[in-house]
Amino acid sequence: MAIECRSRCGATVGRRPQAPGGLFTVEATKTQVDVYRIGVHNTLGTPDEGVEIARGLNIGLSPTAERRARAWTDTARMWHALGNGQEAFAALRLVEQEAAQEVRRPALRALTSNLFYSPARVQGLREFAVRTGAVPA
């Protein structure tokens with residue numbers, strides 16, 4: 001399934017027509033399609049299929065801080081679903097670096113709180129959780 005999705009998504013991005021003057025176009029670069037694919041795998045409950053996509057992703061190619069933060073958010077969710085708190089926290093810190101307000105949203109505060117109260121201990125997570133409002137000081 002992953003191979004089929006990869007070739008269909010890549011082919012679709014390659015065929016995307018350019019509208020004159022840039023009107024009514026949807027930007028769908030390979031990076032953006034790959035971020036979307038990670039989110040789809042998270043939603044389908046197959047985050048393990050997103051790992052190779054995430055490893056090959058160059059999030060720095062995303063044009064705005066909000067899109068980069070979204071990419072790191074989906075990556076954090078993927079790692080969290082796989083039980084890798086260290087990688088999930090690393091991605092959350094990158095979300096904060098790109099767009100600090102994003103880590104204060106309820107969904108990311110819940111993710112941070114979940115990481116904080118999990119059995120695994122991650123260095124620096126407590127300070128991050130307090131700073132972002134995920135846990136009380």
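In which helix is T112 found?

1. T112 is found in helix α6; helices (H or I, at least four residues) and strands (E, at least two) are DSSP runs, numbered from the N terminus. The model is predicted: local features need pLDDT of at least 70, side-chain atom pairs count only at pLDDT 80 or more, and totals for chains, interfaces and linings use all residues. Residues are numbered from 1 along each chain as its sequence is written, and side-chain values use heavy atoms, with hydrogens and water left out.

2. The protein contains 7 helices and 0 strands, in the order α-α-α-α-α-α-α along the sequence. Of its 137 residues, 37% count as buried, where buried means under 20% relative accessible area, exposed over 50%, and partly exposed in between (1.4 Å probe, protein chains only). Contact means heavy atoms within 4.5 Å; of the contacts with a separation of 6 or more, 51% are between residues 24 or more positions apart.

3. T112 counts as buried because its relative accessibility is 0%. Apart from its neighbours within four places in sequence, T112 is in contact with L92, L125, F128, A129, T132 and A134.

4. The largest nonpolar core has 29 residues, and I38, M78, L92, L108, L125 and F128 have the most contacts inside it. Such a core is a set of buried Ala, Val, Leu, Ile, Met, Phe, Trp, Tyr and Cys residues joined through side-chain atoms within 4.5 Å. Two or more residues come from each of α2, α3 (51-55), α4, α5 (85-98), α6 (106-116) and α7 (125-131).

5. Helix α2 has 15 residues and reaches 21 Å from first C-alpha to last, close to the 21 Å expected at 1.5 Å a residue; the expected span is 1.5 Å times one less than the number of residues. Its buried residues are T31, Q32, V33, D34, V35, R37, I38, G39 and H41. G45 follows α2 and has a positive phi, near 80 degrees.

6. The second largest pocket holds about 170 Å³ of space. A pocket is an open set of points on a 1 Å grid over the protein atoms alone, where a 1.4 Å probe fits, with protein on both sides within 12 Å along at least five of seven lines; lining residues have an atom within 4 Å of a point. Q32, V35, Y36, G39, V40, S62, R67, R70 and D74 form the lining, to which α2 gives the most, with 5 residues.

Technical notes. Grid points are joined across faces, edges and corners, and a volume is the space filled by probe spheres set on the points.
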